[in-house]
Amino acid sequence: MDDLAARLAAIDERIADAARSVGRDPSELTRIVVTKFHPAALVRELYALGVRDVGENRQQEFSRKAGELTQLDGLRWHFIGQAQTNKARAIRAAASVVHSVDRARLADSLEAAADEGDPVLDVLLQINLTDDPGRGGVAPGELERLAAHVAGLPSLRVRGVMAVAPLEEPPAPAFERLRALSDVVRAVIAEADWISAGMTADFAEAIAAGATHLRIGSAITGPRPERG
Ligand SMILES: *Cc1c(COP(=O)(O)O)cnc(C)c1O
């Protein structure tokens, strides 16, 4: 096995162990490989290894790679980064799931970007688990209102919630808050039961707190190339 295949297999093993250790079935989990900063060629290699869910966090890089790889049948792109409203059309054109809907205006822009006959777009509501309003995500106190707003947009389907663990506290209690906030959304939209949480450093804690979608980058792809 080459290095990439070995790292992928090792992470999948650790995910499965983490799931079983808290009594969960590993098949409930979707492992998204975050390929940001890596070339489209790496996505091709991952695809050849069976990966079908990949994540990107910058619109330009995302659009470029997705454009290069349209022939990879069944590949699902997850957009996980901060999204500007004027990029909504480009994001919608290539994403299967947008994890980072954190304000009504962004949801409205994604809605307005739907062309007739487009499939419904799956979205997650990103929640800010820190006290810093500058971080991405809706404040917990505004989540219910955002959920109700997005639920009213016919071309978007709210599937659940997403968050990044804060740097300034351990991940487990933060992910427990996320789990509770997931219930707030499900009280508005019963079927919105996805929880996107867990990265290289904290996926075991996320799995313990009920995560359904893990976003794992460097542990699989290796260190990210330097940005110029
Ligand atoms: C980069 C990134 C990840 C993956 O991070 P790793 O630590 O490399 O696993 C997950 N989620 C988001 C939102 C990211 O930007």
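Analyst: The lining of the largest pocket divides into 13 nonpolar, 10 polar and seven charged residues, where Asp, Glu, Lys and Arg count as charged, Ala, Val, Leu, Ile, Met, Phe, Trp, Tyr, Cys and Pro as nonpolar, and the others, Gly among them, as polar. This is a predicted model, in which local features need pLDDT of at least 70 and side-chain atom pairs pLDDT 80 or more, while totals for chains, interfaces and linings use all residues. Residues are numbered from 1 along each chain as its sequence is written, and side-chain values use heavy atoms, without hydrogens and water.

A pocket here is an open set of points on a 1 Å grid over the protein atoms alone, where a 1.4 Å probe fits, with protein on both sides within 12 Å along at least five of seven lines; lining residues have an atom within 4 Å of a point. The largest pocket holds about 750 Å³ of space, the volume filled by probe spheres set on the points. Of its 30 lining residues, K36, V164, A165, M199 and R215 are the closest to its centre.

The ligand sits in this largest pocket, meaning that more than half of its atoms lie within 2 Å of the grid points. Around the ligand are residues including V34, K36, M199, R215 and G217, each with a heavy atom within 4 Å of it, and this shell divides into four nonpolar, four polar and three charged residues.

Consider next the polar contacts (pairs of N or O atoms within 3.5 Å). The side chain of K36 places an N or O atom 2.8 Å from a ligand oxygen, a polar side-chain atom of R215 lies 2.9 Å from a ligand nitrogen, and a backbone N or O atom of G217 is 2.8 Å from a ligand oxygen. Taken alone, the ligand exposes 390 Å², of which the protein buries 89%, by the Shrake-Rupley method with a 1.4 Å probe.

How values were computed. A polar contact is a pair of N or O atoms within 3.5 Å; within protein, one must be able to donate a hydrogen and the other to accept it, and residues adjacent in sequence count only if both atoms are side-chain atoms.
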